[in-house]
Amino acid sequence: MLLLPLRWSRNLSGIGLALGTFLFAASLTPTLVPRTALTQGVLGGVCFAIGYGLGTAWRWFWAYLEMPEPNERMRRIGNIVIACVCLPVAVIFLANAVGWQNSIRKVMAMEPIDSAHPLQVSLIALATFAVLLALGRLFRLVALFLARRPLRFMPRRVAFAAGLTITTLLLWTLANGFLVRISFRMLDSSFRERDALIEPTSPQPIDPLQSGSAASLVKWQELGRAGREFVASRPSTAEIAAMTGRPASQPIRLYVGLRAAGSAQARARLALEELKRAGAFERAILVVITPTGTGWVDPSAIAPIEYLGDGNVASVALQYSYLSSPLSLLAQPEYGSEAAQALFAEVYGYWTGLPKDRRPRLYLHGLSLGSMNSERSVELLDMIGDPVDGALWSGPPFGSRFWRSITDRRNPGSPAWLPEYRDGRFVRFMNQEGPRVTPETPWGVLRIVYLQYASDAVTFFDRNSFFRRPAWLEPVRGPDVSPEFRWYPIVTGLQLALDMAFATRTPMGYGHVYAPQHYVDAWVAVADIRNWSQVSLASLKRHLLEKAQRRTDDRDGEEGPYDNRGG
């Protein structure tokens, strides 16, 4: 990739070549999620292009200042020398890439790989760099055209600055105004059609307590794909009783899809009527769920509380988007919080009007974007007189304001990937190994638990990581983070951005794939479960994990309730 033909050497930027090689080599080092040859190659090409672009910009700035420059012969010799140094550096880093990738796979209990496919990575990186270089040169040609033709009556440098500004504005307007709008419109239409599909393995329920049944206020077709999967995947009374050895009730799962009503407020009112119709307020536990962008609810999150509560549990969710969480956050950032606030206001308003000794314990839950929107649905000051019983928020995105505030104000000495906050009476953080707070630590009236993995880039991405080492990379790291992970300016930010895109491709229990056994521990803490022994809890964890793995493995290519992770 680095030894370009000699006839190009006069146009090479030696500084750009050196910086590009440094960033390319750094991109091969491990971060949070294992990478394939394709993703590594694209990442490497982008990093090389950025480094080369920075070097080229420096060369232009040097000339702009009219500083002395080496002649053509010296520049060509210097470029060849730099290329001869850069090539072995790239080769050495490519050779070490397999060990770095295996360091991630080891902490995630994955099988090691024999090769990182250095040739394939290099070719993909070269192709990526060539595309970006061509786009960069096209941008430069347009800027020069605008500077030399329409603006030729201006001073040369003023004309160039004006041409550069106009080209940037044109590109931004085209990309942000036209292409993005058209793309989101097409994606929304595609996701809407996908949402309307009815899986043959998700039959319409006959239980009148379920949404979509003949007795329900919401038609089966109006639940959407994610809603139908959520309703149909609940455990049966017999399954729960067989696990607990005690009499069990049939859990209530209610869901209102986007097609059920025209506004978030109307859907929230419909959800409340569904709750009252099904007798949800007569159950021992009621969970208000904010789903991910597509409306998906993780069965691994809800099934544990249904088992732990002997089935005497009702849960309700409200769909607010067809798009996946990242797209929903970009295109419709206010929709999720609006829907979550509307549902919580309806449920909480009715719940507070019930006698305290005859109403269910009320909990909130959300995963990923659902976690952030569930956070936004609650005003703690408005609940001081009559608070909910708790909240379990898993995989909170890095933009979650309440999570960020608590993390930033953590107790001195506690790690950013598993903070301790004050005396632990109000909020606790958990990962695969549980909380840092001892079990004997007393809780307050309201219990909030964040379930998060140190290897989850959705949670731990930080915009500042482009220029500053993140706090969670201190020497004491999470159990699922590679000890070989090193911070590099610019590169680490790009690596983490890529990790976010593939955070749901990890094994269960790592990255953004939250495992049912860890939800068990979290719900035990949030819901104050005391009638389960440690042996019974261990058995429940095995049962739920095996069920999740079996459901995933037996789909024969069809997407099921456990597959749409992250929404």
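# Briefing: cores, sheet and helices

Of the 105 residues in the largest nonpolar core, Trp472 and Trp523 are the ones that touch the most other members. Please keep in mind that this is a predicted model. The protein chain has 17 helices and 8 strands, and 52% of its 567 residues count as buried. Here is a friendly tour, topic by topic.

**Nonpolar cores**

- Tryptophan 472 is in contact with Leu32, Ala416, Trp417, Phe460, Phe485 and Leu496, once its neighbours within four places in sequence are left aside.
- There is also a second, separate core, made of 16 residues, and Ala37, Phe48, Ala49 and Phe129 are among them.
- As background, nonpolar side chains tend to be buried together in soluble globular proteins.

**The chain as a whole**

- Among contacts between residues at least 6 apart in sequence, 74% join residues at least 24 apart.

- An open sheet is formed by 8 strands in the order β1-β3-β2-β4-β5-β8-β6-β7, with mixed pairing.
- Its edge strands, β1 (252-256) and β7 (434-435), each pair on one side only.
- Strands β2 (residues 285-290) and β3 (residues 313-318) run parallel and are joined by 5 bridges; valine 287 has serine 315 in β3 as its bridge partner.
- Helix α13 (residues 401-408) packs on the sheet, where it touches β5 (390-394), β6 (427-431) and β8 (447-451). The direction of α13 makes about 95° with that of β6.

**Strand β5 in detail**

- Strand β5 is mostly covered, with 5 of its 5 residues buried.
- Gly390, Leu392 and Ser394 point one way from the strand, while Ala391 and Trp393 point the other way; all are buried.
- On one side, β5 pairs with β4 (residues 361-367) in the parallel sense over 5 bridges, and the bridge partner of glycine 366 is tryptophan 393 in β5.
- The pairing of β5 with β8 is also parallel, over 5 bridges, and leucine 392 stands opposite valine 449 in β8.

- Helix α1 (residues 14-27) has 14 residues, which should span 20 Å at 1.5 Å a residue; the end C-alpha atoms are 20 Å apart, so the two values agree.
- Because 10 of its 14 residues are buried, α1 is largely enclosed by the rest of the structure. The buried residues are Gly14, Gly16, Leu17, Gly20, Thr21, Leu23, Phe24, Ala25, Ala26 and Ser27.
- Helix α8 (residues 264-278) has 15 residues and reaches 21 Å from its first C-alpha to its last, close to the 21 Å expected.
- The buried residues of α8 include Arg267 and Glu274, along with Ala264, Ala268, Leu270, Ala271, Leu272, Leu275 and Ala278.
- Just after α8 comes glycine 279, which takes a positive phi of about 75°.

**Aspartate 480, a buried loop residue**

- Aspartate 480 sits in the loop between α14 (457-460) and α15 (491-501).
- With a relative accessible area of 1%, aspartate 480 falls under the 20% cut-off, so it counts as buried.
- Beyond residues up to four places away in sequence, aspartate 480 touches Val107, Met108, Gln432, Tyr453, Ala454, Ser455 and Tyr510.
- Aspartate 480 and glycine 509 are 29 residues apart in sequence, and their C-alpha atoms are 9.4 Å apart in space.

Key: Residues numbered from 1 in each chain as written. Predicted model: local features only at pLDDT ≥ 70, side-chain atom pairs only at ≥ 80, totals over all residues. Heavy atoms only, no water. Helix = DSSP H or I, 4+ residues; strand = E, 2+ residues; numbered from the N terminus. Expected span 1.5 Å × (residues − 1). Buried < 20%, exposed > 50% of the residue type's maximum accessible area, 1.4 Å probe, protein only. Pairing = 2+ DSSP bridges. Contact = heavy atoms within 4.5 Å. Axes fitted to C-alpha atoms, helices over the stretch in contact; angles between N-to-C directions. Core = buried A, V, L, I, M, F, W, Y, C linked by side-chain atoms within 4.5 Å.
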